[in-house]
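Reader: I am new to looking at protein models, and I would like to take a careful look at one part of this one. Could you take me through it slowly?

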Amino acid sequence: MMHGSSAPLRLAVFASGGGSNFGAMLKAIGAGRLDAEPVLLITDRPGISAIEKAERAEVPVAVLPPSGFASEGAFAEALLEVLAQHGADFVALAGYLKKIPAEVVQAYRHRMLNIHPALLPAFGGKGFYGQRIHEAVLEHGCRVTGVTVHLVDAEYDTGPIVLQEPVPVKQDDTPRSLAARVLQVEHHLYPKALQLFAEDRVILEDRRVLIREA
Ligand code: GRF
């Protein structure tokens, strides 16, 4: 069992860009579809739209550029400190482009999710981010792509899969049009995956995730 008991998640979100997934989480929380309290947004850069979304929703923001720290250890320490200060007990990576230090992954083991805009293990790993993923899917001639929400482990995109949803590829898709359709699916799949943790329905067996009936 991973989250202990059924309780609102004290959710910290990491984002590096537009934060539309973060926005979708806030919306799901507001609509009562996600039992979570957004306690913190962590970004690696100032001036991004995710920060505006946080400010509008009165969610505290920490801007922590890894380059501002003398070592990865110091960066990890700062992240752990700010997460603890805000009492975060669950982490959602939502378009965060920096690597999370191993100490932080370890501290939030089984309590840190990531979303990937493809059906892992295809089109994942280092180098597969943003438009490149959708370009590669189209170049490969895939008929189907999709969205994966997975637990975070020490590598990129390799952790246990929690939810996946397919998205059909259309013959006239461009990387942009495909990305837009995939993103729509992300916006409902991420809150849905988080809610499974809030309801304490996720069981990990080796690297397989089992979901208990509600
Ligand atoms: C999403 O496509 C997500 O899957 C990927 O980065 C993108 C973030 O978009 N990891 P947004 O910042 O949530 O709009």
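Reader: Where is the place of E58?

Author: The model is predicted, and while local features need pLDDT of at least 70 and side-chain atom pairs count only at pLDDT 80 or more, totals for chains, interfaces and linings use all residues. Residues are numbered from 1 along each chain as its sequence is written, and side-chain values use heavy atoms, with hydrogens and water left out.

E58 has its place in the loop between helix 2 (49–56) and strand 3 (61–63), where helices (H or I, at least four residues) and strands (E, at least two) are DSSP runs numbered from the N terminus. Although E58 is not a glycine, its phi is positive, at about 60°. With a relative accessible area of 71%, E58 is exposed; buried means under 20%, exposed over 50% and partly exposed in between, with a 1.4 Å probe and protein chains only.

D206 lies in the loop between strand 8 (202–205) and strand 9 (208–211), and at 76% relative accessibility D206 counts as exposed.

We can now turn to the ligand. The residues around the ligand are G18, G19, S20, N21, G95, I115, P117, L183 and E186, and a residue is counted here if one of its heavy atoms lies within 4 Å of the molecule. This shell divides into 3 nonpolar, 5 polar and 1 charged residue, where Ala, Val, Leu, Ile, Met, Phe, Trp, Tyr, Cys and Pro count as nonpolar, Asp, Glu, Lys and Arg as charged, and the others, Gly among them, as polar.

A polar backbone atom of G19 is 2.8 Å from an oxygen atom of the ligand, while a polar side-chain atom of S20 lies 2.5 Å from a ligand oxygen and a polar side-chain atom of E186 lies 2.7 Å from a ligand oxygen. Taken alone, the ligand exposes 360 Å², of which the protein buries 78%, with accessible areas coming from the Shrake-Rupley method and a 1.4 Å probe. The elements that give two or more residues to the shell around the ligand are helix 1 (20–30) and helix 6 (175–198).

Key
Polar contact = N/O pair within 3.5 Å; in protein donor to acceptor, adjacent residues only side chain to side chain.
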